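Please look through the sequence and the model shown below before reading on.

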Amino acid sequence: MRLSFLRPLYNRPGPWCSVYLDASRDTHDSRPAMDLRWRALSEQLAADGADEPSIAALDRVVRGHDPMAGDYGLAAFATRGRVVLSEYLSAPPLRDLAAWNPLPHVMPLLAQRGEQVAWVRVLADRIGADAVAVSAGGVPRKAHVVGRESYQLRQVKPGGWSQSRYQRAAMEAWHHNAGDAAAATAELADRVGADVVVVAGDIRATGMIAAQLPERWQDVVVRTDAGSRARGADPMAMDDLTVQTIAEVADQHITAALDRFGMQEDVGAGLDAVVAALQRNQVDTMLIVDDPSATGQLWIGPEPTDIATDPGQLVAVRDPQRVRADAALARALVGTNAELTVLGPDEAPDLADGVGAVLRYADAATPGRGNG
């Protein structure tokens, strides 16, 4: 999981209000119920010492957000009278939560997001194509590609010269249209850094588009004849296929991270080893088992790599702070451009301390390697 979207949270000093709220609107009285839950959270923040301007800014976001149908949640983070990040959750949080801490409490958000996959989906026929792209954790970007020309096959006497002429013209138009669609698809895929490109619809059109995609996208193309651009076509088939494809790619990402971690043998395993690697900017991807009950703590200084299991390790830091371990780890990952893979308890039952790291490099000073 790329964590660059969290960067604004660490470009400002705290302390931080962090709020997770069930905002579902399934019944006529759901809004009053949400208001009551939010009031309880805001009162908790005030009792914990949060500043009134930040609570007021959160109130405007919670009460003024654009509601969605069904079950969903909200996550929001505020400091010094400003909501710096707010995000819809695809499902309600495990429980409503409000925290007032030196660092934003982002782990529930990251655990619910899961492994993020950037994708492009193209729905094509022989006239053109509609494409939508979503970056990892981003918003949809759309493109509509219409062919340069369209030709209608005419009914003529079999074997007549007009039939072959119009067939050639139609095939040429389809080829041009597919080229335009492939170029637009590649542009979208480049823009969002796609992990998978789903090309769906007319079987011949999808083949033409897939064949004309640049070589760098050939290995991530998934073709299907599901879906249609026709008015009234059922979008659910395409949505189900897209969700299934994205889930499979996400599983592949997790498996690949675990495989890379396993190849290191015991290097990078456990909290002490991960903290030491973060201090030295060695972490490429951190693995963490989702544990909502976790209460571990670490020590930090002003810089992302100022992170330690003991304050004595931060010899150059005046007045180190003791904070939630997962919050400190997340800040260090963002500050060192490292990625995160959140695991379920059954995906890594033997992971020491529930945390490990795939390293960018290992040397003699790396714990578990050489003289470490």
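Which residues does T245 touch, not counting residues up to four places away in sequence? T245 touches V196, V198 and V222, where contact means heavy atoms within 4.5 Å. T245 has its place in helix α8 (residues 236–263); helices (H or I, at least four residues) and strands (E, at least two) are DSSP runs, numbered from the N terminus. With a relative accessible area of 6%, T245 is buried, a word that stands for under 20% relative accessible area, while exposed stands for over 50% and partly exposed for what lies in between (1.4 Å probe, protein chains only).

Some notes on the source belong here. This is a predicted model, in which local features need pLDDT of at least 70 and side-chain atom pairs count only at pLDDT 80 or more, whereas totals for chains, interfaces and linings use all residues. Residues are numbered from 1 along each chain as its sequence is written, and side-chain values use heavy atoms, with hydrogens and water left out.

The chain has 10 helices and 15 strands, and buried residues make up 45% of its 372 residues. Among contacts between residues at least 6 apart in sequence, 69% join residues at least 24 apart. The average pLDDT, which is the predictor's confidence in each residue on a scale from 0 to 100, is 82 for the chain, and 81% of the residues score at least 70. Over residues 139–167, however, pLDDT stays under 50, and for these residues the model has 50 contacts beyond four places in sequence.

The interior can be followed through its nonpolar cores, each a set of buried Ala, Val, Leu, Ile, Met, Phe, Trp, Tyr and Cys residues joined through side-chain atoms within 4.5 Å. The largest of them has 45 residues, and those with the most contacts inside it are L6, L9, F77 and M286. Helix α10 (residues 325–335) gives the most to this core, with eight residues. Leaving out residues up to four places away in sequence, L6 touches L85, V106, L109, L110 and V334. Apart from this core lies another, of 22 residues, among them L188, V192, A194 and A205.

Aromatic rings come next. A search of the whole structure finds two aromatic pairs, where rings of Phe, Tyr and Trp (its six-membered ring) pair if their centres lie within 6.5 Å, and planes under 30 degrees apart count as stacked, over 60 as edge-to-face and the rest as tilted. Y20 and F77 have ring centres 5.9 Å apart and planes at 85°, so this pair is edge-to-face. The pair links distant parts of the chain, with Y20 in strand β1 (residues 16–22) and F77 in strand β2 (residues 73–79), 57 residues apart. Y20 counts as buried at 2% relative accessibility, and F77 counts as buried at 1%.

Helix α9 (residues 271–279) has as its buried residues A273, V274, V275, A276, A277 and L278. These buried residues pack against β10 (283–289), β11 (297–300), β12 (307–308), α10 and β15 (355–359). In the loop between α9 and β10, N281 has a phi near 55°, a positive value in a residue other than glycine, and N281 is partly exposed, with a relative accessible area of 37%. D319, in the loop between β12 and β13 (321–324), also has a positive phi near 55°, and at 64% relative accessibility D319 counts as exposed. Most residues other than glycine have a negative phi, and most peptide bonds are trans. The peptide bond from G14 to P15, by contrast, is cis, with omega near 5°, and P15 lies in the loop between α1 (7–10) and β1.

Leaving aside neighbours within four places in sequence, R216 is in contact with A186 and D190. The C-alpha atoms of R216 and A186 are separated by 9.2 Å, although these residues are 30 apart along the chain. With the side chain of D190, the side chain of R216 makes a polar contact (2.7 Å), a term for a pair of N or O atoms within 3.5 Å of which, within protein, one must be able to donate a hydrogen and the other to accept it, residues adjacent in sequence counting only if both atoms are side-chain atoms.
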